[in-house]
Amino acid sequence: MPETALKQQLAERYREVNGDHPMTDDDDAYVSAQFVVLEELCAAQGHDPDAVRRLMLGQHLPLPGYLRSDGAEMVPADLFALVEEAGGVELLEEWFTAHWADPVTGKAEWNAYLSGQYVCLRSVTPAAIKRKDYLTTAITAAVNEPNAAPAQWSERLHALIDELDTLEPAFTAYDRLRFGGPTSRDTCIDATRARFARP
């Protein structure tokens, strides 16, 4: 089946945001396990794929999280959940940005959400975004804190790491290419666990 013009436009927009990096077989397998094909999600939930692509291109819905090597647009299974919670796609931006007291921060988070790059969360919600920001900041700070009470410090550090672990998926090699280096899982979970033994 030939690609629609909208599908081609969306692929071009995706590469503008993420760069043009190869997807390996391992990347494809990871993405297929974690995400769903846009057409399949639309068929299951009663949406027209081209209408959804227009919303993505018009910056009303996030771009796909990944383009699989076969060109499939891979999106989270709960792509439409926030639209429903907000009361419709036309209300989504206002509902989303209202979760931040500072409008500038809210707008920046909205733009980040639209990029489709919040693949760092198992479920992309304002609450999860805020919690991830808190946890990564707290873990980074804890590593540099004075170690006055080693047992308490270590217990708190690992509690933060464990909570972040529940929010973040494993990532794949492609992510390290498009993000230009290690992911937050690499630095805040894996490396920190390796550096500081659990009590």
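Me: A crossing of two helices is left-handed if the near helix is turned anticlockwise from the far one by less than a right angle, and right-handed if clockwise. Which hand, left or right, describes the crossing of α3 and α4?

Reply: In this predicted model local features need pLDDT of at least 70, side-chain atom pairs count only at pLDDT 80 or more, and totals for chains, interfaces and linings use all residues. Residues are numbered from 1 along each chain as its sequence is written, and side-chain values use heavy atoms, with hydrogens and water left out. Helix α3 (residues 38-45) and helix α4 (residues 49-57) pack with their axes 9 Å apart and at an angle of about 115°, where axes are lines fitted to C-alpha atoms, for helices over the stretch in contact, and angles run from 0 to 180 degrees between N-to-C directions. The crossing of α3 and α4 is right-handed.

Me: How many charged residues does the contact of α3 with α4 have?

Reply: Leu38, Glu39 and Cys42 of α3 meet Pro49, Val52, Arg53 and Met56 of α4, contact meaning heavy atoms within 4.5 Å. Ala, Val, Leu, Ile, Met, Phe, Trp, Tyr, Cys and Pro count as nonpolar, Asp, Glu, Lys and Arg as charged, and the others, Gly among them, as polar. By class, the contact of α3 with α4 has 5 nonpolar residues and no polar ones, while the number of charged residues is 2.

Me: How many helices and strands does the protein have?

Reply: Helices (H or I, at least four residues) and strands (E, at least two) are DSSP runs, numbered from the N terminus. Read along the sequence, these elements follow the pattern α-α-β-α-α-β-β-α-α-α-α-α-α-α. The C-alpha trace spans about 60 × 40 × 30 Å along its principal axes. The protein has 11 helices and 3 strands.

Me: At what angle do the axes of α8 and α11 cross?

Reply: Lys132, Thr136, Ile139, Thr140 and Val143 in α8 meet Ser184, Cys188, Thr192 and Arg195 in α11, and these contact residues divide into 3 nonpolar, 4 polar and 2 charged. The crossing of α8 and α11 is left-handed. The axes of helix α8 (residues 126-143) and helix α11 (residues 184-195) come within 11 Å, and the angle at which they cross is roughly 40°.

Me: Which geometry, stacked or edge-to-face, does the aromatic pair of phenylalanine 96 and tyrosine 113 have?

Reply: Rings of Phe, Tyr and Trp (its six-membered ring) pair if their centres lie within 6.5 Å, and planes under 30 degrees apart count as stacked, over 60 as edge-to-face and the rest as tilted; by this rule the count comes to 7 aromatic pairs. Phenylalanine 96 and tyrosine 113 form one with 4.8 Å centre to centre and 25° between the planes. This pair links distant parts of the chain, with phenylalanine 96 in helix α6 (residues 89-97) and tyrosine 113, 17 residues apart from it, in helix α7 (residues 103-114). The pair of phenylalanine 96 and tyrosine 113 is therefore, by its planes under 30 degrees apart, stacked.

Me: Why does the pair of tryptophan 110 and tyrosine 113 carry the label it does?

Reply: Tryptophan 110 and tyrosine 113 are 3 residues apart in helix α7, and so are separated by about one helical turn. Both residues are buried, and Phe96, Trp100, Trp110 and Tyr113 form one aromatic cluster. The ring centres of tryptophan 110 and tyrosine 113 are 5.6 Å apart and their planes lie at 40°, so the pair is tilted.

Me: Is phenylalanine 96 buried or exposed?

Reply: Buried means under 20% relative accessible area, exposed over 50%, and partly exposed in between (1.4 Å probe, protein chains only). Tyrosine 113, at 5% relative accessibility, counts as buried, and buried residues make up 45% of the 199 residues in the protein. Because its relative accessible area is 0%, phenylalanine 96 is buried.

Me: Over the face of which residue does arginine 178 lie?

Reply: A charge sits over a ring if NZ of Lys or CZ of Arg is within 6 Å of the ring centre and within 35 degrees of the ring normal. Lysine 130 lies over the face of tryptophan 100, at 5.9 Å from the ring centre. Arginine 178, at 4.6 Å from the ring centre, lies over the face of tyrosine 66.

Me: Which residues does phenylalanine 179 touch, not counting residues up to four places away in sequence?

Reply: Phenylalanine 179 is found in the loop between α10 (173-178) and α11, and at 34% relative accessibility it counts as partly exposed. Phenylalanine 179 and asparagine 18, 161 residues apart in sequence, are 7.9 Å apart in space, C-alpha to C-alpha. Not counting residues up to four places away, phenylalanine 179 touches Gln117 and Val119.
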